[in-house]
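Open the model in your viewer and keep the sequence panel beside it. The tour goes from one selection to the next and says what is found at each stop.

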Amino acid sequence: MQCLKHASAIDIPVFDKLIQLEISFGSYSWDLLANLLQRSHKLEVLMINKESQKYAKGQESRWSHPLLVPECLLHLKTFCLREYQGLETELDFVGYIMQNARVLETMTIFLSSSLGSEEKLQIRRHLSILQRNFETCQIVFH
């Protein structure tokens with residue numbers, strides 16, 4: 001991720017045989033993640049190890065929805081996000097995955113250990129409400 005973070009979308013190669021992608025990144029990489037998804041057509045498993053970030057309200061980097069839904073979301077079956085903090089951009093990204101990954105079977109969310117029990121409960125409730133619209137996807141919390 002470090003070497004690709006300054007690459008433009010056309011500089012990122014097409015990963016036409018990539019089925020599983022596990023990446024680690026900080027907040028600067030939401031745009032890069034969008035570009036990687038656009039270039040990974042057959043992706044079935046996406047695992048994101050996100051670095052914990054501290055932001056003032058509204059200061060976190062934003063996930064911006066790609067203009068075209070990545071083709072890989074037609075095949076994505078498993079999604080895992082580690083270090084979920086309940087940030088608005090994370091919620092946007094998770095909602096985007098749920099809305100567009102038509103065959104998604106399992107979404108595993110690892111809640112940040114820095115969150116309090118009340119925050120964790122609130123996040124679980126919020127994501128469970130989203131899940132009601134996508135009955136084929138099971139959300140597992142850790």
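Buried here means under 20% relative accessible area, and exposed means over 50%, with partly exposed in between. The model is predicted. Then take Cys80, which is buried because its relative accessible area is 8%. If you go looking for disulfides, the structure holds zero of them.

Select residues 20–25, 45–50, 78–84, 106–111 and 138–141, which are strand 1, strand 2, strand 3, strand 4 and strand 5. In what order do the five strands lie in the sheet? The order is 1-2-3-4-5, the pairing is parallel, and the sheet is open. Strand 1 and strand 5 are the edges; each has a single partner strand, so one side of each lacks a neighbour in the sheet. On average, neighbouring strands are turned by 10° against each other, direction ignored.

Strands of a sheet pair through backbone hydrogen bonds, so show the backbone before stepping across.

- Strand 1 and strand 2 are parallel and share six bridges. Pick Glu22 to find one of them: its bridge partner in strand 2 is Met47.
- Strand 2 and strand 3 run parallel and are joined by five bridges. Asn49 has Arg82 as its bridge partner in strand 3, and Ile48 stands opposite Leu81 of strand 3.
- Strand 3 and strand 4 pair in the parallel sense over six bridges. From Leu81, cross to its bridge partner in strand 4, Ile109.
- Strand 4 and strand 5 are parallel, with four bridges between them. Here Met107 has Ile139 of strand 5 as its bridge partner.

**The helices on the sheet**

**Strand 2, both faces**

Go back to strand 2 and show its side chains. In a regular strand the side chains alternate between the two faces of the sheet. How many of the six residues of strand 2 are buried? Six of the six are, and the strand is mostly covered. Val45, Met47 and Asn49 are buried on one side, and Leu46, Ile48 and Lys50 are buried on the other, which leaves both faces covered.

From Lys50, follow the side chain to Gln85: the two side chains make a polar contact at 3.2 Å. Gln85 is in the loop between strand 3 and helix 2.

**The nonpolar core**

Now select the largest nonpolar core, a set of 31 residues. Which residues have the most contacts inside this core? They are Phe79, Met107 and Ile109. The elements that give two or more residues to the core include helix 1 (30–38), helix 2 (88–100) and helix 3 (117–131), along with strand 1, strand 2, strand 3, strand 4 and strand 5. Helix 2 gives the most, with five residues.

Centre the view on Met107 and list its contacts. Leaving out residues up to four places away in sequence, Met107 touches Phe79, Val94, Ile97, Met98, Cys137, Gln138, Ile139 and Val140. Among these is Ile139, the strand 5 bridge partner already visited.

**Helix 1**

For the last stop, select helix 1. Its buried residues are Trp30, Leu32, Leu33, Ala34, Leu36 and Leu37. These buried residues pack against strand 1, strand 2 and helix 2. Now pick Asp31, also in helix 1. Is Asp31 buried, partly exposed or exposed? Asp31 is partly exposed, because its relative accessible area is 47%. To finish, draw a distance from Asp31 to Ser8: the two are 23 residues apart in sequence and 9.8 Å apart in space, C-alpha to C-alpha.

Key:
Residues are numbered from 1 along each chain as its sequence is written. This is a predicted model: local features need pLDDT of at least 70, side-chain atom pairs count only at pLDDT 80 or more; totals for chains, interfaces and linings use all residues. Side-chain values use heavy atoms; hydrogens and water are left out. A nonpolar core is a set of buried Ala, Val, Leu, Ile, Met, Phe, Trp, Tyr and Cys residues joined through side-chain atoms within 4.5 Å. Buried means under 20% relative accessible area, exposed over 50%, partly exposed in between (1.4 Å probe, protein chains only). Contact means heavy atoms within 4.5 Å. Two strands pair if DSSP finds at least two bridges between them. Axes are lines fitted to C-alpha atoms, for helices over the stretch in contact, and angles run from 0 to 180 degrees between N-to-C directions. A polar contact is a pair of N or O atoms within 3.5 Å; within protein, one must be able to donate a hydrogen and the other to accept it, and residues adjacent in sequence count only if both atoms are side-chain atoms. A disulfide is a pair of cysteine sulfur atoms within 2.5 Å.
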